[in-house]
Amino acid sequence: MAKPKALRQTLDSYTVKRINKTIKAGDCVLMRPSEPSKPSYVAKIEKIEADSRGANVKVHVRWYYRPEESIGGRRQFHGSKELFLSDHYDVQSADTIEGKCTVHTFKNYTKLDAVGNEDYFSRFDYNSATGAFTPDRVAVYCKCEMPYNPDDLMVQCERCSDWFHPACIEMSAEKAKKLDHFFCESCSPEGQKKLQNSQSTSKIAETKVDSKRRRR
């Protein structure tokens, strides 16, 4: 006769005594990696369960992937604290939790005055089987037409509001940090003059020039 399955109960919260932190469903946590040389895994807690005695606590988690763990790997525009919310669910012992962290929305992350060790951000959902991302398109900026990397210094044109990497506009980072005002080539008086001359020469009248590359 098969042994009856042990009954388990769902907990509203649980205190991980080793780190003296209380966790609950919806929290993001750092979990012990399979190899000590690897960074901590990051997961979102979906549910906390224990046996009938309140022991043997397990957490149902949804994993976040780092860019280098995804198909295609890390790309230039991926931030150092960027994570992808995956469709990979798992059950782990609560004892593997090393700490709590915060995974911000991309918008909220860019508004932080200071980024702590436990601060991350996610702007993509990730399909671990196919390598597909949702959304599959994001806004791109600058002449290089790359998505925004919050780790990179950028300057904003006061007229068109587009953002540019100093290197892409042949400007040093030191000079960019000292700017009080900035107008991109298309919006500067010199750029407008060149544009007008070009239009006159080619006899193209009333052409609207869209220099923005903020496609979705």
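**A walk through the loops, rings and cavity**

Start by selecting Asn56, which counts as partly exposed because its relative accessibility is 44% (buried is under 20% relative accessible area, exposed over 50% and partly exposed in between, with a 1.4 Å probe and protein chains only). A word on what you have open: this is a predicted model, where local features need pLDDT of at least 70, side-chain atom pairs count only at pLDDT 80 or more, and totals for chains, interfaces and linings use all residues. Residues are numbered from 1 along each chain as its sequence is written, and side-chain values use heavy atoms, with hydrogens and water left out.

Stay on Asn56: its phi is positive, about 50°, although it is not a glycine. You'll find Asn56 in the loop between β5 (41-51) and β6 (58-65); strands here are DSSP runs of E, at least two residues, numbered from the N terminus.

Next, jump to Ser161, in the loop between β11 and β12 (163-164). Ser161 is another residue other than glycine with a positive phi, near 70°, and at 32% relative accessibility it counts as partly exposed.

Now pick Thr134 and Pro135. The peptide bond from Thr134 to Pro135 is cis, with omega near -5°, and Pro135 sits in the loop between β10 (133-134) and β11 (155-156).

On to the rings. Show Tyr65, Phe84, Phe124, Tyr126 and Phe133, a cluster linked by ring pairs. Rings of Phe, Tyr and Trp (its six-membered ring) pair if their centres lie within 6.5 Å; planes under 30 degrees apart are stacked, over 60 edge-to-face, and the rest tilted. The structure holds 11 aromatic pairs. In one of them, Phe124 and Phe133 have ring centres 5.5 Å apart and planes at 65°, so they are edge-to-face. Tyr126 and Phe133 have centres 5.1 Å apart and planes at 40°, so that pair is tilted. Phe124 is buried at 6% relative accessibility, Tyr126 is buried at 3%, and Phe133 is partly exposed at 25%.

Then select Lys81 and Tyr120: the charged end of Lys81 sits over the Tyr120 ring, 4.7 Å from its centre. That takes NZ of Lys or CZ of Arg within 6 Å of the ring centre and within 35 degrees of the ring normal. Arg123 likewise lies over the face of Phe106, at 4.5 Å from the ring centre.

Last stop: which residues line the largest cavity? Select Gln76, Phe77, Met146, Pro147, Tyr148, Asn149, Asp152 and His165.

Technical notes
On a 1 Å grid over the protein atoms alone, a cavity is a set of points where a 1.4 Å probe fits but cannot get out, and a pocket is an open set with protein on both sides within 12 Å along at least five of seven lines; lining residues have an atom within 4 Å of a point. Helices (H or I, at least four residues) and strands (E, at least two) are DSSP runs, numbered from the N terminus.
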